[in-house]
Amino acid sequence: MNQPIWLTEQDVVELIDLRDAIGALESALRQEAAGAAVNMTKTLLQYGKSNLHAIGGKLGNLVGTKTWVHTEGGTCPLLLLWDAADGSLVAVIEAFALGNMRTGGISGVATDWMAAAGARSFAIVGTGKQSLSQVGAVLAVRPIEELRVFSPRPESRAAFAAKARDEFGVKVIDCASVEAACDGAQIVTLVTRATTPFLSASHLDKGAHLNAVGAIAPDREEFAQDVFARTTLVAVDNLPGVQNLSREFITRYGKGDWSAVTLLSTLIGSGRKRTANDDVTLFKAMGMGISDLALGTELVRRARDRGVGRTLAQPKKAKPRLASRRKST
């Protein structure tokens, strides 16, 4: 039995990059389509302006869960992996960079399958911590020549535009409105913490692909209901997560017919890509355990091969004290 390992944030970024993550995610989604990977439904506890999240699943010979608390003061996500056969601890992985690449990477996979093959103009709304990886993921799968950026504060837009130019060497346009950012964009990604919809169907060009990845709790909402009327293909990462936590989708489908909503893994398994008849295609990501396990599994494999990570002792049982110790007289 291998000793468990602890992988730090630095270990993670040295072992894999975003392109590696996209490949690992698509492979895991193919396994899900074949019935070889299973998600644990995402759970969420909201308290005040903070959220406790937990997701998990099984992939290959590993099971795992990632948990984190999102607070105004920050977050510290961890991914724990166990052996699926004997329950022994395999790894503890610091998961901020992992989560960033997972969230960006799943948009990259969806964009690769759902966006126009020759898309060259891309708009992103939102300039927070997840936004740069969202840009990187789309640039990894499409020949983007122009990035259009909007967020409400001009200083945030300018700072993000500078980061994107420096990181990717792409032409970046600082846009003063959602409408201006989406004008002519063949791919649009929403990655905000908005609580009221700001994107309408009229903002989207014919044949645009939309990644909606920011609203992952019931108190958030990014796009208006009229977007659904134009969609010819709707895919999600995890259906129960969307049914339980996405206000946009709950408002649209409620307790009715969800047959128009397809799993991204099902698209991949069936080989369904954008056709000439498609108008708006929509991908909604809530985060799911298989995605984290996809990266965790690849990280553990590479770490073992390269001798990376701090080894830990396998936890051992200790008999609990069921009675108080008697005081000596």
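In which helix does serine 107 lie? Serine 107 lies in helix α3, where a helix is a DSSP run of H or I with at least four residues, a strand is a DSSP run of E with at least two, and both are numbered from the N terminus. The model described here is predicted, so local features need pLDDT of at least 70 and side-chain atom pairs count only at pLDDT 80 or more, while totals for chains, interfaces and linings use all residues. Residues are numbered from 1 along each chain as its sequence is written, and side-chain values use heavy atoms, with hydrogens and water left out.

**The sheet**

An open sheet with mixed pairing is formed by 7 strands in the order β2-β3-β4-β5-β6-β1-β15, two strands being paired if DSSP finds at least two bridges between them. Because β2 (37-47) and β15 (310-311) stand at the edges with a single partner strand each, one side of each is left without a neighbour in the sheet. Strands of a sheet pair through backbone hydrogen bonds, either parallel or antiparallel.

| Strands | Direction | Bridges | Opposite residues |
|---|---|---|---|
| β1 and β6 | parallel | 3 bridges | leucine 7 and isoleucine 93 |

In the hairpin of β5 and β6, which has 5 residues between the strands, glycine 87 takes a positive phi near 75 degrees.

Contact here means heavy atoms within 4.5 Å, and axes are lines fitted to C-alpha atoms, for helices over the stretch in contact, with angles that run from 0 to 180 degrees between N-to-C directions. Helix α11 (residues 289-306) also packs on the sheet, touching β1, β2, β3, β4, β5 and β6, and its direction makes about 65 degrees with that of β3.

Serine 107 is buried, with a relative accessible area of 0%, where buried means under 20%, exposed means over 50%, and partly exposed lies in between (1.4 Å probe, protein chains only). Not counting residues up to four places away in sequence, serine 107 touches Gln134, Asn211, Val213 and Phe283. Methionine 101 also has its place in helix α3 and is buried, with a relative accessible area of 10%. With residues up to four places away in sequence left out, methionine 101 touches Val12, Ile16, Asp17, Leu18, Ala21, Leu25 and Leu295. Methionine 101 and leucine 7 are 94 residues apart in sequence and 16 Å apart in space, C-alpha to C-alpha.

**Helices α4 and α5**

Helix α4 (residues 131-141) and helix α5 (residues 154-168) pack at an angle of about 40 degrees, with their axes 11 Å apart. The two are therefore oblique to each other, since angles under 35 degrees count as roughly parallel, over 145 as roughly antiparallel, 65 to 115 as roughly perpendicular and the rest as oblique. On the side of α4 the contact is made by Ser131, Leu132, Val135, Gly136 and Leu139, and on the side of α5 by Phe160, Lys163, Ala164, Glu167 and Phe168. In helix α4, 10 of the 11 residues are buried, so α4 is largely enclosed by the rest of the structure; among these buried residues are Ser131, Gln134 and Val141.
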